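Colleague: Hi! Could you walk me through a few backbone details and one of the sheets?

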Amino acid sequence: MKKKIFTAIGLMTGTSMDGVDLSIIKSDGNTEFTCILDEYFKFDIELREILINLRNKLLIPDDLQKYSKEIIDIERRFTLFNCKIIEQVIKKNSLKIDLIGFHGQTIFHDSEKKITKQLGNGKLLSQITKNIVISNFREKDLNNGGQGAPLTPIFHKLLSFLLAKNYKVSFPLSIINIGGITNITQILKNSKSIEKNLKAYDIGPGNCLIDEWVRKNSKKNFDENGKIAEAGKVNDLILNQALDNFEIKKFDKSLDVKDFDISFVKGLSLVDGCATLTKFTADLITKGIEYVNDLNNNFYQKNLICGGGRKNTFLIKTINKNLTKKKIKLEDIDIYKYDGDFIESQAFGYLSIRTFLELPISFPETTRCKSPTIGGIVNKNF
């Protein structure tokens, strides 16, 4: 019996809080996959500032109740923004959509307390768009003993299957997503089962520290191509103290942007602070990659990078320089005709299909959950 091919929208808003990545994909929720469209929609300045300010207020779980009215108001505004871009894309491309995967905007995540909050009202989005919406992807994993992240590894496994099929890429293969946080998926070998032979870990910061420093010390939102950091000088004393104070010994927990702060570079110039934070970020990512490779006895496999951080050429150059001792080199996933900016939005389209089909999206080897977990809430409110 031929499996149904679904057309799904995936929506992803990252820690930079600058806009929404929207992808339209076709998939059976297993090994069939085609990307139809990728498009980015930028927030207006006011909405972005509101989102950033809200996230900065939420330091402990009690703050979710303290600011509940504000959260509801901003969540509605954020959801309506997503409604608008969905309707715009559907109308422009005359497409029939089966499902919408609505990740939302993470404003609080504490895996130890099993509390996570992604802004985004799935019921409202379903009501307005007249589509089935899958939302709240992380909560079930947390309730099943998992970390709630990373959730994209099952999609990375699908990409590895297609890379092997179409480009004869060999295994073991790592896909490293450098977003606000950096995570790595390691696919040990190719297999017919999409759910087997993969491991995943959050390994360090990505863009979060660099973006925050640049926002607070300039009129820019990020360090384009790493030019600001490249113009500065690393303060080795501050850097080494920071690395000593922040050592990840085990990579079995999810990371959040609030696990890191930029206070240790306070007082440095824009360029020197950016250079020091970039080196700090690169060193932690390097240690994470080496840890995962040592753990699985793999040193020379292909390492493909995606996410906005891959565009920071100074960051990538620094990581590659760190990795030369073990002959590991990062390669851009774009060389295989996959747009590294939209891997996560494509993933949440794919995860929506798997959730709808009641297939697991997270696993003990990816999020440390007790058993494979069917994540996401199905909203049909029309």
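Colleague: Where is N197 found?

Modeller: N197 is in the loop between β8 (181-187) and β9 (198-205); helices (H or I, at least four residues) and strands (E, at least two) are DSSP runs, numbered from the N terminus. This is a predicted model, where local features need pLDDT of at least 70, side-chain atom pairs count only at pLDDT 80 or more, and totals for chains, interfaces and linings use all residues. Residues are numbered from 1 along each chain as its sequence is written, and side-chain values use heavy atoms, with hydrogens and water left out.

Colleague: Thanks. What is the phi of N197?

Modeller: Positive, about 65°, although N197 is not a glycine. Most residues other than glycine have a negative phi.

Colleague: And how accessible is N197?

Modeller: N197 counts as partly exposed, at 24% relative accessibility. Buried means under 20% relative accessible area, exposed over 50%, and partly exposed in between (1.4 Å probe, protein chains only).

Colleague: Now M17. What is its phi?

Modeller: M17 has a phi near 55°, again a positive value in a residue other than glycine. M17 sits in the loop between β1 (6-13) and β2 (19-27).

Colleague: Is M17 buried or exposed?

Modeller: M17 is buried, with a relative accessible area of 0%.

Colleague: Switching to peptide bonds: which one is cis at P150?

Modeller: The bond from A149 to P150, with omega near -10°. P150 belongs to the loop between α5 (139-143) and α6 (153-167). There is also a cis bond joining F171 and P172, with omega about 0°, and P172 lies in the loop between α6 and β7 (173-178).

Colleague: OK, on to the sheet. What is the strand order in the open sheet of five strands?

Modeller: The order is β9-β8-β7-β10-β11, with mixed pairing; two strands pair if DSSP finds at least two bridges between them. β9 and β11 (330-332) stand at the edges with a single partner strand each, so one side of each has no neighbour in the sheet. On average, neighbouring strands are turned by 25° against each other, direction ignored.

Colleague: How many bridges join β7 to β8?

Modeller: Six, and the two strands run antiparallel.

Colleague: Last one: which strands does α6 lie across?

Modeller: α6 lies across β7, β8, β9 and β10 (302-306), running at about 50° to β8. Axes are lines fitted to C-alpha atoms, for helices over the stretch in contact (heavy atoms within 4.5 Å), and angles run from 0 to 180 degrees between N-to-C directions.
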